[in-house]
Amino acid sequence: MTVRQTSTTSLALGRAAQELALKRGELELALQLGQVRAAQDDSGGPPRVERREIDRLRAGHGFPAALRERLRTVGTVDGAELASISQGRFLRLARTGHFAPVRFYVNRYHAVVWLYLAEEVRDFARDHAPLLTGRTPLEVRALLATGEDRRPRNWRGRRLGQLLRASSDPWRRAAAIAAVLDPVTVAETVPDPYERSRLSVLRPEMVPAPPKSLRGREIVERLVTADHPDEILWHRASLADALREAREHSAAPRRPRRAPDAAPARAPQAPLHPAAPHPAVPHPVVLAAARPAPVQRPRRSRPWSRPSSARPSSSRPSGARSVRCSRATARGLLGRLWRSRAGRA
């Protein structure tokens, strides 16, 4: 019953885009700009659009063309044509911060394409006509000479403002501020690792659809991180204030600590044979005395030496003497050797 009631009173983003005749990217931009109000899901899921919000927008004048025109974005070429100026002049005004980009993307050549609201470009052209004609002002030329490009900084400020307005939870607001700072600065501002872990879990998506390539993700990470010293100092102070408010609201979850005496004591193990007494261990001296003496083995004589006791006696068998005599008749060096040994014998 609860699921049926939720589906009738609020719509998912895909269904809401169909009801408003918008593309998915246009609906995401409408949510960021506040053109379409959405409610956060209590279960932690994506936001949903209430049915009464859909009815309010559909009843507006000129729906859906008027709503899509408020969400139309232009690049450098279309923006220059809309303001009736050259592309170079439009680019110079955008780099010096006269146009605040509303979103960007990285194309297939890893180039950053900035997009601006067409409605804001028309309003600027109507309210700042002297900047559109004649010589470029001196302060603008001075900024361009130093290589100034305020487009990433203006986009970060605009995106952060959208995230802060979209949430009332103190921890989520602090996580949004920490999302534009590098990890080293966040660690210096938030020394507690449990608080940093909670900020990391609640970190919002700065870019709805990040690129898939590694080079593209590196470019996006560089653009969403504050790099100007004044900007970093401002966000650090804002993070410290938001963190103080979040601590007063609720503490960061921590891992429970185990007491030192909370470990269960092991029961003593019973002996295998409780009736049999333990044998007495003899003293090392007694063991040494009871050890038998090593057996003396006779030493082997070398094959070329003959012990004196092994010399043949004078009473030898006739067969051995005949063999000795036959060997004595051998010629050469070996024969003389045998004859000398026979003579000594």
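1. Contact here means heavy atoms within 4.5 Å. The model is predicted, and the points below should be read accordingly.

2. By that criterion, Trp171, Ala174, Ala175 and Ala178 of helix α11 meet Glu195, Arg198 and Leu199 of helix α13. The residues of this α11 contact with α13 comprise five nonpolar, no polar and two charged.

3. Helix α11 spans residues 170-178 and helix α13 residues 193-201; the two pack at an angle of about 85°, with their axes 8 Å apart. Because angles of 65 to 115 degrees count as roughly perpendicular, α11 is described as roughly perpendicular to α13.

4. Helix α11 also packs with helix α10 (residues 151-166): their axes come within 9 Å and cross at roughly 170°. The helices α10 and α11 are therefore roughly antiparallel to each other. On the α10 side, Leu160, Leu163 and Leu164 meet Arg173, Ala176 and Ile177 of α11. The residues of the contact of α10 with α11 divide into five nonpolar, no polar and one charged.

5. Strand β5 (residues 112-117) is joined to β3 by two bridges, and the two run antiparallel. Within β5, tyrosine 116 stands opposite valine 74.

Methods. Residues numbered from 1 in each chain as written. Predicted model: local features only at pLDDT ≥ 70, side-chain atom pairs only at ≥ 80, totals over all residues. Heavy atoms only, no water. Axes fitted to C-alpha atoms, helices over the stretch in contact; angles between N-to-C directions. Helix = DSSP H or I, 4+ residues; strand = E, 2+ residues; numbered from the N terminus. Parallel < 35°, antiparallel > 145°, perpendicular 65-115°, else oblique. Nonpolar A, V, L, I, M, F, W, Y, C, P; charged D, E, K, R; others polar. Pairing = 2+ DSSP bridges.
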